[in-house]
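Hello,

Here is the structure I promised to pass on to you.

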Amino acid sequence: MIFVENEFAPLKKVVLAQSEFGYPKEPRPEDLRFLTKEAVQENFDNRGKDHAEVFPELQKQWEQERTNLKETLEKYGVEILRPRKLTFAEKEAVGTAGYSNFFVRDPFFTIGSFVIESSLRFLHRRNEVFPVRDLFLQEVYPQDCSYIAVPQPEIADAEDKTLGKGPFLEGGDVLILGKQIFVGNSGLASNTLGILWLRKLLTPQGYSVEEVKLHPDILHLDCALGLVKNGLMIICEDAFLEGIPAALMSWQKIHVTLHEAMNLATNGLPVSPEVYITDPAFKHIGEQIEQHDIKVEYIDFSISRSFGGSFRCSTQPLSRY
């Protein structure tokens, strides 16, 4: 069954990302402000090159991180699906923008029984959904669920630093709490027009969709907020320009700094309300989670995090209920 109830219900079937990235030939500094200084410089030093060719050993480590996550999830009975790799034609089609097939959370997302293709802002990510569509043929088309895509974003003028009015809507910005949907907007990914589109789709089905304004250096909402289980969250309050959503005000909070948030401290992955996965870099957070009778699994995800995403970013559930 295709259905996602919330962020922490037992995970049954999930898509796990591949590890492909091609550096843009003409990096846009405004698109990189959520990354570390080292990662920004890396984009400029390796313009137009493939990460696997420039850093073969790091590439192996990166792929091993995803393998380690796969094995941990399978230990808890989760069915793992993998997108295919990018084709030569897909890599060439992007021109100077670069290419990516590395954080499957963003090119599509699942809310209830809706499988929704996203509309990504960054040019190197615009076609990232293509490797997932073969999975849709196998897993989504045969199921009793809805499959729909956000409208294609308009083509912006070359000098437009915002890349146009979209609509932009990315899975990392979408957090689900039953019929309450939170969507982040920092100016780097999803925007108001994308959120209006989602509200138009879901309101007749009884959902409410709330826009959450974020610090401009935070890429997605899941980089500032993680729902661990009902009533418990990891949060960077400094990232919320208009305060925490009212529906979450009474929840217990594990606080992280803006620096920790930008290093993906909130981007762990609940396997269920009883099991949570995070990086050993955040053991101090894991220890606080364990105080709530939750088992914490630690996996080194430092290479993945250097690209601006972690465990949640690397996965997209199809079944979580």
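Strand β7 (residues 114-117) runs parallel to β8, and four bridges join the two; strands here are DSSP runs of E with at least two residues, helices are runs of H or I with at least four, and both are numbered from the N terminus. Two strands count as paired if DSSP finds at least two bridges between them. One of the bridges links Val 115 to Tyr 147 in β8.

Please keep in mind that this is a predicted model, where local features need pLDDT of at least 70 and side-chain atom pairs pLDDT 80 or more, while totals for chains, interfaces and linings use all residues. Residues are numbered from 1 along each chain as its sequence is written, and side-chain values use heavy atoms, without hydrogens or water.

The open sheet has three strands in the order β6-β7-β8, with mixed pairing. Since β6 (108-111) and β8 (146-149) each have a single partner strand, they are the edges, so one side of each lacks a neighbour in the sheet.

Helix α5 (residues 130-139) packs on the sheet and touches β6, β7 and β8; contact means heavy atoms within 4.5 Å. Helix α6 (residues 192-202) also packs on the sheet, touching β6, β7 and β8.

Which residues of α6 are buried? They are Gly 194, Ile 195, Trp 197, Leu 198, Leu 201 and Leu 202, where buried means under 20% relative accessible area (1.4 Å probe, protein chains only). These residues pack against β6, β7, β8, β10 (180-185) and β11 (208-213).

Best wishes

Notes:
Axes are lines fitted to C-alpha atoms, for helices over the stretch in contact, and angles run from 0 to 180 degrees between N-to-C directions. Buried means under 20% relative accessible area, exposed over 50%, partly exposed in between (1.4 Å probe, protein chains only).
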